[in-house]
Amino acid sequence: MPADPFNPANRRLGVLISGRGSNLQALIDAIADGRLDATIVVVISNREDAAGLQRARAAGIETLVLSHRAFASRDDYDHALAVELRARDVGLVCLAGFMRLVGAQLIEAFPNGIVNIHPSLLPAFPGLEAQRQAVEHGVKVSGVTVHLVTAELDGGPIIIQRAVRVMPDDTTESLATRILEEEHRAYPEAVQTILEGGWRLEGRRFVPAKSPTSASA
Ligand code: GRF
């Protein structure tokens, strides 16, 4: 797959989901009320029962179900994803609860052009059930991270982080609920920051064009 330079100017998003799709909804809502200057051109799910597909359809966005089970290998699946995204001239791929590891075929098709949201302050608690990990570890602060996707699981350059206090009586569910509220604010902001361009990578540091206005780092 040829890798054209990432083109933030085209503002065409492809969103990958596996389930509920509340972060997809946050992107849809931010576009609708003008906080995010972009178009979601396709929502792709690896599961046909993902509730987020309904959210996309309700917003008039094209949906596609590509089941990983239909492909012999991760490479084949990631290649198929890349083909579908490139066919729609997607400039930025947004992972929104996409429960698949993203491999080289997709990463190389979108160099520094894939973004993910994770419910912890990375590098703490990568992987599954980050909120449960935080509660069980006993940290007093957790939060949300939006980052570029690299081959390292939940390890790419950090675009935005927001802190959420962990209360003594928090359960995994109550903490997840409060983190999710921050996710819905942080994800559109981070995507807008990427699309505005002017940022650069210094080593693994994402250096924005201008300082963020709020407490994000
Ligand atoms: C979110 O907590 C996100 O941070 C994580 O998966 C969850 C997806 O939720 N990657 P939703 O499908 O966006 O509601």
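Trainee: Leaving aside its neighbours within four places in sequence, what is Pro188 in contact with?

Mentor: Pro188 is in contact with Ala26, Leu27, Ala30, Arg35, Leu36 and Glu183, once neighbours within four places are left out. Keep in mind that this is a predicted model.

Trainee: Where is the place of Pro188?

Mentor: Pro188 sits in helix H6.

Trainee: And is Pro188 buried or exposed?

Mentor: Buried: its relative accessible area is 2%, and the cut-off for buried is under 20%.

Trainee: How far apart are Pro188 and Ala38, in sequence and in space?

Mentor: They are 150 residues apart in sequence, but 9.9 Å apart in space, going C-alpha to C-alpha.

Trainee: Let's look at H1, then. Which residues are buried there?

Mentor: In H1, the buried ones are Ser22, Asn23, Leu24, Ala26, Leu27, Ile28 and Ala30. Ala26, Leu27 and Ala30 also came up as contacts of Pro188.

Trainee: What covers the buried residues of H1?

Mentor: The cover includes strand S1 (12-17), strand S2 (39-45), helix H2 (52-58), S4, S5 and H6.

Trainee: What is H1 followed by?

Mentor: By Gly34, which has a positive phi, near 85 degrees.

Trainee: Switching to non-glycines: what is the phi of Asp89?

Mentor: Positive, about 55 degrees, although Asp89 is not a glycine. Asp89 lies in the loop between helix H3 (74-87) and strand S4 (92-95). With a relative accessible area of 46%, Asp89 is partly exposed.

Trainee: What about the phi of Phe125?

Mentor: Phe125 has a positive phi too, about 60 degrees, and is not a glycine either.

Trainee: Is Phe125 buried or exposed?

Mentor: Phe125 counts as buried, at 12% relative accessibility. You'll find Phe125 in the loop between S5 and H5. Pro123 has its place in that loop as well.

Trainee: Which residues does a cis peptide bond join?

Mentor: Leu122 and Pro123, with omega about 15 degrees.

Trainee: Okay, pockets. How much space lies in the largest pocket?

Mentor: About 970 Å³. The lining of the largest pocket is made up of 34 residues, and those nearest its centre are Gly97, Phe98, Met99, Ile117 and Leu128.

Trainee: Which elements give two or more residues to the lining?

Mentor: Helix H1 (22-32), strand S5 (114-118), helix H5 (130-137) and helix H6 (172-196). H6 gives the most, with four residues.

Trainee: How does the lining of the largest pocket split by class?

Mentor: There are 15 nonpolar, 13 polar and six charged residues in the lining.

Trainee: Zooming out, what does the secondary structure of the protein chain come to?

Mentor: Six helices and nine strands. The C-alpha trace of the protein chain spans about 50 × 40 × 35 Å along its principal axes.

Trainee: How does the radius of gyration of the protein chain sit against a compact globule?

Mentor: The two agree: with 217 residues, a compact globule would be near 17 Å, and the protein chain has 17 Å. As for burial, 48% of the 217 residues count as buried.

Trainee: What share of the contacts comes from residues 24 or more positions apart?

Mentor: For contacts with a separation of 6 or more, such residues account for 64%.

Conventions:
Residues are numbered from 1 along each chain as its sequence is written. This is a predicted model: local features need pLDDT of at least 70, side-chain atom pairs count only at pLDDT 80 or more; totals for chains, interfaces and linings use all residues. Side-chain values use heavy atoms; hydrogens and water are left out. On a 1 Å grid over the protein atoms alone, a cavity is a set of points where a 1.4 Å probe fits but cannot get out, and a pocket is an open set with protein on both sides within 12 Å along at least five of seven lines; lining residues have an atom within 4 Å of a point. Grid points are joined across faces, edges and corners, and a volume is the space filled by probe spheres set on the points. Ala, Val, Leu, Ile, Met, Phe, Trp, Tyr, Cys and Pro count as nonpolar, Asp, Glu, Lys and Arg as charged, and the others, Gly among them, as polar. The radius of gyration is taken over C-alpha atoms; the globule rule is 2.2 Å times the number of residues to the power 0.38. Buried means under 20% relative accessible area, exposed over 50%, partly exposed in between (1.4 Å probe, protein chains only). Contact means heavy atoms within 4.5 Å.
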